[in-house]
Amino acid sequence: MPPVKALVASQTGRVHAALGDERQAEQHLGDADELLADGLGQDVPGWVAYFDVVEHAGTRAVSARDLAGLGRPRKRASTHFEDALKLRKPGFDRVRVMDRVGLAAALFDEREAERGAAAAQQALDDAARVDSTLVASRLNTLLDAARPYETAAVDEVRTRARDLVAARPTTIAA
């Protein structure tokens with residue numbers, strides 16, 4: 001079934017990106033792109049109904065971030081996170097927050113500290129309204145990405161993120 005094939009291709013690409021295999025990651029992510037472009041049809045099983053072009057955009061964003069972190073940047077992760085945020089519909093607050101945190105971290109990683117700090121402030125505003133240990137764990141990724149910068153704006157981001165993480169401690173790895 002196309003929806004299942006698209007989901008599996010997308011997630012397989014994500015795994016290959018996390019492992020640093022850019023060629024295999026792009027192959028699988030590209031396969032998912034094609035399946036999504038062709039349409040998933042009407043008979044989408046309930047267990048895979050959440051998966052759509054928006055979820056795949058988020059997968060592409062995380063994959064790009066992972067590859068960049070391993071020294072294999074192909075496309076800026078921030079571009080993929082921006083795509084996911086534009087496409088995301090209301091009602092997915094936790095995922096939207098994770099996309100915002102991912103965008104801010106990606107901008108820091110891409111050496112855009114000023115834009116990263118602005119995106120981080122918005123992410124932190126949203127994160128404060130969502131009670132999620134997964135979001136709290138993602139803030140550690142943001143803190144790590146902000147580490148190289150010593151500006152007042154980034155210091156404020158670090159302080160707010162640390163305070164939020166302390167208020168919602170988690171053992172989940174970012």
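Is the crossing of helix 1 and helix 2 left-handed or right-handed?

Mentor: The crossing of helix 1 and helix 2 is left-handed, a term used when the near helix is turned anticlockwise from the far one by less than a right angle. The model is predicted, so local features need pLDDT of at least 70 and side-chain atom pairs pLDDT 80 or more, while totals for chains, interfaces and linings use all residues. Residues are numbered from 1 along each chain as its sequence is written, and side-chain values use heavy atoms, with hydrogens and water left out.

Helix 1 covers residues 2–18 and helix 2 covers residues 22–38, and the two pack at about 155 degrees with their axes 7 Å apart (axes are fitted to C-alpha atoms over the stretch in contact, and angles run from 0 to 180 degrees between N-to-C directions; helices are DSSP runs of H or I, at least four residues). Helix 1 and helix 2 are therefore roughly antiparallel (angles over 145 degrees). On the side of helix 1, the contact (heavy atoms within 4.5 Å) is made by K5, A6, A9, S10, T12, G13, R14, H16 and A17, and these meet Q24, A25, H28, L29, D31, A32, L35 and L36 of helix 2. By class, this contact of helix 1 with helix 2 holds eight nonpolar, six polar and three charged residues (Ala, Val, Leu, Ile, Met, Phe, Trp, Tyr, Cys and Pro are nonpolar, Asp, Glu, Lys and Arg charged, the others, Gly among them, polar).

Helix 2 also packs against helix 3, and there the axes come within 11 Å and cross at roughly 165 degrees, which makes helix 2 roughly antiparallel to helix 3. Helix 2 passes helix 3 in a left-handed crossing, with E22, A25, E26, L29, G30, A32, D33 and L36 of helix 2 meeting V53, H56, T59, R60, S63 and L67 of helix 3. The residues of this contact divide into six nonpolar, four polar and four charged.

Helix 3 in turn packs against helix 4, residues 77–87, at an angle of about 160 degrees, with their axes 8 Å apart, and that makes helix 3 roughly antiparallel to helix 4. The crossing of helix 3 and helix 4 is left-handed. From helix 3, the contact takes in V53, V54, A57, G58, R60, A61, V62, A64 and R65, while helix 4 contributes A77, H80, F81, A84 and L87. The contact of helix 3 with helix 4 counts ten nonpolar, two polar and two charged residues.

Key. Parallel < 35°, antiparallel > 145°, perpendicular 65-115°, else oblique.
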